[in-house]
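This report walks through a structural model, with attention to contacts and packing.

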Amino acid sequence: MATAILTAAERRRPWLLLSPALVTLGLLMVIPMAIMFGYSFYFYVGGGRDRPDFQFGNWAEFFSDNYYHYAIWKTARVSAITTILCALMSYPAAYFIAMTRFRRKWLLMLLLIVPFWISFIIRTLSWIHILGGQGAINATLRWLGLIDDPIPMAYNEGAVILGMIHFLLPYMILNIYVSLDGIDRNLVSAARTLGCTAWQSFREVTLPLSLPGLGAGVLLCFVLAAGSYVTPLILGGPRDFFFGNLIFDAIMSELNWPMGATLSTVLLVLLGLIAIVYNRYMGLSRIYKGLSR
Amino acid sequence: MSDVGGWGWQAIKAFTVAVYIFMFAPILVTLTLSFNASQFGGFPMTGFSLHWFGVLADNDNILRAFRMSVMVGTLTAVICTVVGVLAAIALVRYDFRGKELINTLLVAPVLIPEVVLAIGLLLFLRWLQQPRTFLLLLLGHVMLSLPYVVLVVQARLIGIKRVYEEAALSLGANRLQTFREITMPLLMPAVFAGILLAFTISFDNVTATMFWRPPGVETMPTQIFSMLHTSISPEINALGTLMILITVGLPLIGGGLARYLARGQR
């Protein structure tokens, strides 16, 4: 670019175009995040009141109370299981969509987008119709005369994982698909010509070249899973709370805003660290490519 | 993994079908149950009935929540599209310092948990000592939808060749004319996609909305959530079916119509 010959007006133009977006996000995201951090040092008086302060009481409570550590561990564990299962389910499906010569491939793509249009809360509660006491599985088993009393399958950790996989699958499949679709088919042909078996050419050529897409899907799914709080509320039992549920309770039920701010900061920092590590090795731009489909 | 046609390929194909069934079976079950005559929301089916759709039409809370959702969604879509298109043009058509950083900032809301975004905005409001209002809900939804609109418009804009704009400029059109006559018409599909996407995200949002809604205000998803507390009533199933028909039907009809019209032009 010949930057030197641009006039001052032309140099200002992109910033002019960007200003509404930057003001919006600055006001609604950047400043609130800064205030959130500041608020974590406020003092909680009790009864929903707090006063400006600079003390480490909230942080001390967070670091000393095992309840919070358990919630973090539980959130991380369940999110990791969800993400891994999601990746295992998505890869073959994405591979099929990318490689198929099926004439109605557009239909498969369309069906991947359709879940995004269906209300998240409807999709989540529909699992109760599958797993619940009056759900499809129990109703079928009872009709077959195999059981008398329904098997409890809903309102536990497994149901939460299923619900989250259901919600995250399209994200994962799309991300893997984008990178599989971008692979030059000649490379696989070349590997085959040179004597690779089908499996070898997959392992040596296709799989490594699709890793960026897989990585992007994994990061996105983990972050979305770890930040969730509605799915555990609908599909989980009383013990199946995520870190997000603690934040909601601290603020909306206990009205302990400083503690809520502290816990929010913790979640932001932990997930931010993961994103930074990922960005260092893979680059975040990958994720955005998968999302713009 | 295997050549197209081999047994390995057949296994992948069967697995893919299973994944699609997994994705759609629960939704189909909900659709089916909404036509159940039974008093209860679950199985068994006792007969076909449209009774529960009639019950919905008499429920004032649901109608109010629906109107609220449509209003927030529409305003969110309009604001996001204007702001998002401008930002996308700047990011695709211009080179400037700090572009990477701006890009990351614009899509950051995707990677920050909604709970955290929601709390941040609420704390800001509390710090300013302002009450929760409709404006908060609207601006919040704008923040959540904006990244997706920017991404979609950006992807489309990259595909529009610069030469068209340069040709118009060299033929004497000024920048505004070029934008109006060349860029905008070419960008229209992306603008529509952006509007639809922003509306859907807003219409669907429950996590952040639970924090942001002003006292006494319900949107469609929060209304369903509050109805869930006891058990799944047949009313919820009917509501779900209605929402699916709207949010899936509209884009499909819109997309089909656009394709049909485009074919007619040729």
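The sections below treat the chain contact, the nonpolar core and a hairpin in turn.

## Contact between the chains

The model is predicted, and in it the contact between the two chains draws 77 residues from chain B and 71 residues from chain A. On the side of chain B that touches chain A, the elements that each supply at least two residues are α1 (7-33), α3 (60-93), α4 (99-111), α5 (114-127), α6 (134-159), α8 (175-204), α10 (220-227) and α11 (234-265) of chain B. Of these, α1(B) gives the most, contributing 13 residues.

Sorted by class, this side of chain B consists of 57 nonpolar, 14 polar and 6 charged residues.

## The largest nonpolar core

The largest nonpolar core has 148 residues, and the members that touch the most others are A:Leu168, A:Cys221, A:Ile247 and B:Ile119. Helix α7 (residues 157-181) of chain A provides the largest share of this core, with 17 residues.

Which residues does B:Ile119 touch, once those up to four places away in sequence are not counted? From chain A, the partners of B:Ile119 are A:Met36, A:Ile247, A:Ile251, A:Gly260, A:Ala261 and A:Ser264, while from chain B the partner is B:Phe211.

## A hairpin in chain A

Strand β1 (residues 43-46) of chain A pairs with strand β2 (residues 49-51) of chain A in the antiparallel sense, over 3 bridges; within this pairing, A:Phe43 has A:Arg51 of β2(A) as its bridge partner. The two strands, β1(A) and β2(A), form a hairpin with 2 residues between them, and in the turn A:Gly47 has a positive phi of about 65 degrees.

Terms used
Residues numbered from 1 in each chain as written. Chains lettered and ligands numbered in written order. Predicted model: local features only at pLDDT ≥ 70, side-chain atom pairs only at ≥ 80, totals over all residues. Core = buried A, V, L, I, M, F, W, Y, C linked by C-beta atoms within 7 Å. Buried ≥ 20, exposed ≤ 12 C-beta atoms within 10 Å, placed from the backbone. Helix = DSSP H or I, 4+ residues; strand = E, 2+ residues; numbered from the N terminus. Contact = placed C-beta atoms within 7 Å. Nonpolar A, V, L, I, M, F, W, Y, C, P; charged D, E, K, R; others polar. Pairing = 2+ DSSP bridges.
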